[in-house]
Amino acid sequence: MSVLDERPPTARAFAAVLGRDLVVTGRELPAFLAQVLLQPLFILFVFGKVLADLGYVGGGFGDVLLPGVIALNAFVGGLQNTALPLTLDFSFSREIEDRLLSPLPTRLVAMEKIVFGTIRGVVAGAVMIPLGLLILQDATLAPASLLPALAVMALGAFVGSAVGMVVGTAVSPRGINVVFTVVLTPLMFTGATQFPWPGLDRLPWFQIVCAVNPLTYVSEGMRAVMVPRIPHIPLWLCLLVLAVAGAVAAEAGMRGFGRRAVD
Amino acid sequence: MNAVEVENLTKKYPGAPQPAVDSLSFRVNSGEVFGVLGPNGAGKTTTVGVLTTRMRPTGGLARVGGVDVAKEPTRVRRLLGVVPQRNNLDRSLSIRQNLLFHAAYHGVRRAERRRRAGELLERMGLAERGDDWLDNVSGGQAQRVMIARALMHEPRVLFMDEPSTGLDPQSRIFVHACVRELKERGVTVVLTTHQMEEAAKLCDRVAIVDRGRLLALDAPAALVRELPGSTTLTLSFEPGRAPDEDVDAALTAVETVERVEAMPGGRVRLYTSREPGEVLPAVLKALAGHGIALTGLDVARLGLEDVFLRLTGRELR
């Protein structure tokens with residue numbers, strides 16, 4: 001019997017490709033955690049604790065900030081962890097070639113990268129929950145909202161990862177530094193992470209700008225499940241926008257991946 | 001059955017004035033070691049890229065193991081192994097993990113992939129280095145790891161792109177031994193090279209390509225044999241007695257001599273397609289009566305390199 005008569009090992013191959021990425025992450029765990037934790041920790045500490053203690057921001061600001069920072073970390077974690085390795089893989093190291101030569105359809109190799117970026121984004125977001133509660137002592141999280149929070153985080157990380165694949169496959173390694181600054185900085189500050197979006201009605205033009213940033217819907221979704229008393233965009237709308245944005249970005253990213261993978 | 005079939009294969013990169021591969025056709029028999037020989041930029045790597053599903057052909061047909069590479073790339077990848085020109089090993093993994101994960105990507109079961117990895121590391125002389133990282137391996141060792149990796153899913157056709165470029169002589173000899181061993185095991189090997197010696201030594205048949213086109217295809221010895229004047233006889237004479245025009249004319253008149261060339265130091269080189277023993281009596285007879293004494297005779301055969309240069313020209317590119 002020929003190898004071609006056997007069923008293609010698609011599921012096993014996908015699991016192996018994902019397994020490879022998880023094994024490598026496990027080995028680099030301290031570096032990974034440092035990469036995703038330091039910046040949000042300082043944001044939380046300075047904006048949520050120091051400025052609050054000095055009286056520059058109100059006492060309730062921590063409740064606004066924590067869901068936003070978790071959302072930011074999940075989204076940007078997914079984006080960075082997909083975009084950066086991809087630019088390297090397609091230029092210098094070519095390490096991904098072995099996976100492109102496996103009997104896994106190229107789209108699924110791309111999908112694995114998005115799934116893996118999502119996992120890293122969720123970890124980056126999830127570790128912020130206990131740390132945030134520790135730093136912002138007046139912030140609280142009802143145990144019942146933990147699972148919904150993880151679900152919103154996962155969706156946010158997925159959108160971030162899919163956007164990361166679009167960026168990572170469209171940009172040359174020489175351009176990645178510039179693109180990261182040019183893309184990430186506006187994304188981070190127009191994503192309703194440091195303020196609730198409905199509160200922007202006094203600044204309508206900025207409200208519109210924020211409305212086109214998918215990160216806004218992650219932040220607002222996190223607020224909807226963590227601190228529902230703060231005015232927020234309805235959860236169903238957040239989930240809908242994120243699902244559509246994720247699907248569109250994933251499709252565009254996988255096409256970009258296909259163009260880079262096969263000449 | 002043909003292990004590889006290429007029919008009118010064309011690949012044109014966007015923006016390039018000339019196609020990299022231009023209506024190329026050839027077939028590789030099952031179990032054969034097949035060489036694709038050509039200067040840099042001849043289209044060798046592109047041809048291998050299409051056959052290994054990493055590039056989409058612009059036109060024509062390419063099959064590996066009877067499966068169309070453009071239509072069913074995922075199926076084809078189960079049949080073929082690739083040893084690339086550039087090191088693309090996974091530097092985040094140890095040597096053994098490179099092999100194990102490769103097999104896992106191909107759906108090989110855990111116990112089986114451990115067994116194969118142990119066996120291949122042994123065969124490649126890397127048994128002691130399995131748990132090492134790739135940071136400190138030499139070019140030759142990396143090449144052996146890549147060969148071992150490509151064999152982990154037991155491919156039927158192995159593609160090797162410039163397998164010994166940049167290797168030291170020991171590693172090159174090892175790679176050559178590997179190719180022979182694979183042939184004995186019934187694996188079809190398609191290798192690209194611009195090293196004539198390597199092609200002549202390893203390949204059952206050689207396709208010479210240039211500018212994306214096939215120039216010649218045959219066994220290396222046959223290619224040399226078909227080259228006009230593939231054997232040379234170089235005659236040396238007593239010092240001070242250089243052969244004159246009469247001698248030249250007499251030698252040119254010998255029917256089996258195709259060309260006469262004057263060499264430095266009064267020597268004369270004769271080109272022939274016949275066996276030297278067949279030509280020599282007539283040559284000696286032609287020299288007789290000219291009062292010139294033969295002091296030395298060198299017999300040489302042209303090699304694949306001469307065939308190659310004849311077909312692809314001498315200019316640098």
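## Sheet β12-β13-β11-β14 of chain B

In chain B, four strands form an open sheet in the order β12-β13-β11-β14, and their pairing is antiparallel. The edges are taken by β12 (259-262) and β14 (294-301) of chain B; each has a single partner strand, so one side of each is left without a neighbour in the sheet. From one strand to the next the twist averages 20°. The model is a predicted one.

Within this sheet, strand β11 (residues 231-237) of chain B pairs with β14(B) over seven bridges, in the antiparallel sense. One position along the strands can be given by residue: B:Leu235 stands opposite B:Leu297, which belongs to β14(B).

Two helices lie across these strands. Helix α10 (residues 276-287) of chain B lies across β11, β13 and β14 of chain B, with an angle of about 35° to β11(B).

## Sheet β2-β1-β4-β5 of chain B

Chain B also has an open sheet of four strands with the order β2-β1-β4-β5, again with antiparallel pairing. Here β2 (21-29) and β5 (67-68) of chain B are the edge strands; because each has a single partner strand, one side of each is left without a neighbour in the sheet.

Strands β1 (residues 2-11) and β4 (residues 59-64) of chain B run antiparallel and are joined by five bridges. B:Val4 stands opposite B:Val64 of β4(B). Helix α1 (residues 44-51) of chain B packs on this sheet and touches β1, β2 and β4 of chain B, its direction making about 115° with that of β1(B).

## Interface of chains A and B

The size of an interface is often given as the accessible area lost when the parts come together. For chain A and chain B the buried area is about 3100 Å², with 50% of it on carbon and sulfur atoms. In terms of residues, 35 of chain A are in contact with 33 of chain B.

Five salt bridges are counted between chain A and chain B. A:Arg99 takes part in a salt bridge with B:Asp90, where the closest N and O atoms are 3.7 Å apart.

On the side of chain A that touches chain B, the elements giving two or more residues are α1 (10-27), α3 (61-93), α4 (97-100) and α11 (235-261) of chain A. The most comes from α1(A), with nine residues. Sorted by class, this side of chain A has 17 nonpolar, seven polar and 11 charged residues.

## Salt bridges

Side chains of opposite charge can pair when their charged atoms come close. Over all chains, a search of the whole structure finds 34 salt bridges.

A salt bridge in chain A joins the side chains of A:Asp21 and A:Lys113, at 3.1 Å from N to O. A:Asp21 is in helix α1 of chain A and A:Lys113 is in helix α5 (residues 106-126) of chain A, so the pair ties together parts that are 92 residues apart in sequence.

Terms used:
Residues are numbered from 1 along each chain as its sequence is written. Chains are lettered from A and ligands numbered from 1 in the order in which they are written. This is a predicted model: local features need pLDDT of at least 70, side-chain atom pairs count only at pLDDT 80 or more; totals for chains, interfaces and linings use all residues. Side-chain values use heavy atoms; hydrogens and water are left out. Two strands pair if DSSP finds at least two bridges between them. Axes are lines fitted to C-alpha atoms, for helices over the stretch in contact, and angles run from 0 to 180 degrees between N-to-C directions. Contact means heavy atoms within 4.5 Å. Buried area is the accessible area (1.4 Å probe) that two parts lose on being put together, summed over both. A salt bridge is a side-chain nitrogen of Lys or Arg within 4 Å of a carboxyl oxygen of Asp or Glu. Ala, Val, Leu, Ile, Met, Phe, Trp, Tyr, Cys and Pro count as nonpolar, Asp, Glu, Lys and Arg as charged, and the others, Gly among them, as polar.
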